[in-house]
Amino acid sequence: MKNLFNIDNAFKVLVVLLLSVMAFGANAASLGGSIGYGNDYIFRGQTQTQGSGFAFGSINLDLENGAYAGVWVGEVDFAGGNADAEIDMYAGYQTELSDGVSVGVQYTDYSYSGDSSLDGSEYTVSGSFGDLTLSHTIGQDDYLDYSLVSYNLMDFVDVSYGTLDTVGDHYTISKSFELPLGLDAVASYVDFTADSGSNAVDEDAFVVRVSKSF
């Protein structure tokens with residue numbers, strides 16, 4: 001394992017949680033998280049680990065009024081780069097307008113241990129209408145816009161289509177499973193097609209993630 005759970009990353013996690021608890025009060029929130037491992041880290045259709053396995057973990061603070069905040073940390077490995085971990089700090093709000101209809105907003109800050117030139121942030125707005133979910137992400141700090149449409153098909157598989165501005169499109173088919181010992185698993189097939197003239201390349205991958213929530 002690389003530097004995923006080093007002192008620097010742990011400090012960032014603690015700072016986010018401490019500020020959240022101070023702002024909203026521990027009595028109005030519940031704390032949870034997860035740890036896990038996957039055979040590839042695919043983000044918006046593209047591998048972030050050159051097709052290799054990665055460990056990840058998260059801590060989430062649910063304020064029980066629609067607001068939430070948390071941290072996600074995962075290993076990365078970019079060709080020719082020095083980054084070894086991605087740290088996502090996020091905060092958002094989601095509310096149900098009526099039965100089966102909800103809307104949400106989220107701010108996410110990305111930082112990369114080993115290469116700060118990759119750091120950036122974005123805002124996401126989303127809406128769910130029964131089994132259909134639509135979201136649009138507005139990139140900041142030179143990050144690109146991204147749109148995603150996902151649909152839960154007959155409570156059996158999730159199908160999604162995403163497009164990253166000027167880079168490419170991808171579709172994903174995934175199935176969630178419950179495993180013994182309280183483990184959760186997701187198996188996915190991802191196919192990414194690069195836009196003509198972009199520096200990206202076409203990719204496809206079969207991805208399995210196993211995680212344990214606490």
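Student: Is Y143 buried or partly exposed?
Tutor: In this predicted model, Y143 has a relative accessible area of 22%, so the residue counts as partly exposed.

Student: Where is Y143 found?
Tutor: Y143 is in the loop between β9 (132–140) and β10 (146–153).

Student: And which residues is Y143 in contact with, leaving aside neighbours within four places in sequence?
Tutor: The list is Y110, Y112, L118, D119, G120, S121 and E122. Take S121: along the chain, Y143 and S121 are 22 residues apart, and their C-alpha atoms are separated by 7.0 Å.

Student: What lies 3.3 Å from a polar atom of the Y143 side chain?
Tutor: That's the backbone nitrogen of G120.

Student: OK, rings next. Which aromatic cluster is Y143 in?
Tutor: Y143 belongs to one cluster with Y41, F43, F54, F56, W72 and Y110. There's also a charge to look at here: R209 has its charged end over the ring of F56, 5.3 Å from the ring's centre.

Student: How many aromatic pairs does a search of the whole structure find?
Tutor: Eleven. One of them is Y41 with F54.

Student: Why is the pair of Y41 and F54 called stacked?
Tutor: The ring centres are 4.9 Å apart and the planes sit at 20°, so the pair counts as stacked. The cut-off for stacked is planes under 30 degrees apart.

Student: Where do Y41 and F54 sit in the chain?
Tutor: Y41 is in the loop between β1 (30–38) and β2 (42–43), while F54 is in strand β4 (residues 54–62). They're 13 residues apart, and the pair links distant parts of the chain.

Student: Switching to strands: how many bridges join β12 to β13?
Tutor: Twelve, and the two strands run antiparallel. As an example, E178 has D184 in β13 as its bridge partner.

Student: And the hairpin of β12 and β13, which residue takes a positive phi there?
Tutor: L181, with phi near 65°. That hairpin has three residues between the strands.

Student: How many bridges join β11 to β12?
Tutor: Seven join β11 (residues 157–164) to β12 (residues 168–179), again running antiparallel. Y171 turns up here as well: in β12, Y171 is the bridge partner of Y161. The hairpin of β11 and β12 has three residues between the strands, and T166 takes a positive phi near 65°.

Student: What about β13 and β14, how many bridges?
Tutor: Ten, between β13 (residues 183–194) and β14 (residues 203–213), which run antiparallel. D191 has D204 in β14 as its bridge partner.

Student: So what do the strands build overall?
Tutor: A closed barrel of twelve strands with antiparallel pairing, running β1-β4-β5-β6-β7-β8-β9-β10-β11-β12-β13-β14. From one strand to the next, the twist averages 20°.

Methods:
Residues are numbered from 1 along each chain as its sequence is written. This is a predicted model: local features need pLDDT of at least 70, side-chain atom pairs count only at pLDDT 80 or more; totals for chains, interfaces and linings use all residues. Side-chain values use heavy atoms; hydrogens and water are left out. Two strands pair if DSSP finds at least two bridges between them. Helices (H or I, at least four residues) and strands (E, at least two) are DSSP runs, numbered from the N terminus. Axes are lines fitted to C-alpha atoms, for helices over the stretch in contact, and angles run from 0 to 180 degrees between N-to-C directions. Rings of Phe, Tyr and Trp (its six-membered ring) pair if their centres lie within 6.5 Å; planes under 30 degrees apart count as stacked, over 60 as edge-to-face and the rest as tilted. A charge sits over a ring if NZ of Lys or CZ of Arg is within 6 Å of the ring centre and within 35 degrees of the ring normal. Buried means under 20% relative accessible area, exposed over 50%, partly exposed in between (1.4 Å probe, protein chains only). Contact means heavy atoms within 4.5 Å. A polar contact is a pair of N or O atoms within 3.5 Å; within protein, one must be able to donate a hydrogen and the other to accept it, and residues adjacent in sequence count only if both atoms are side-chain atoms.
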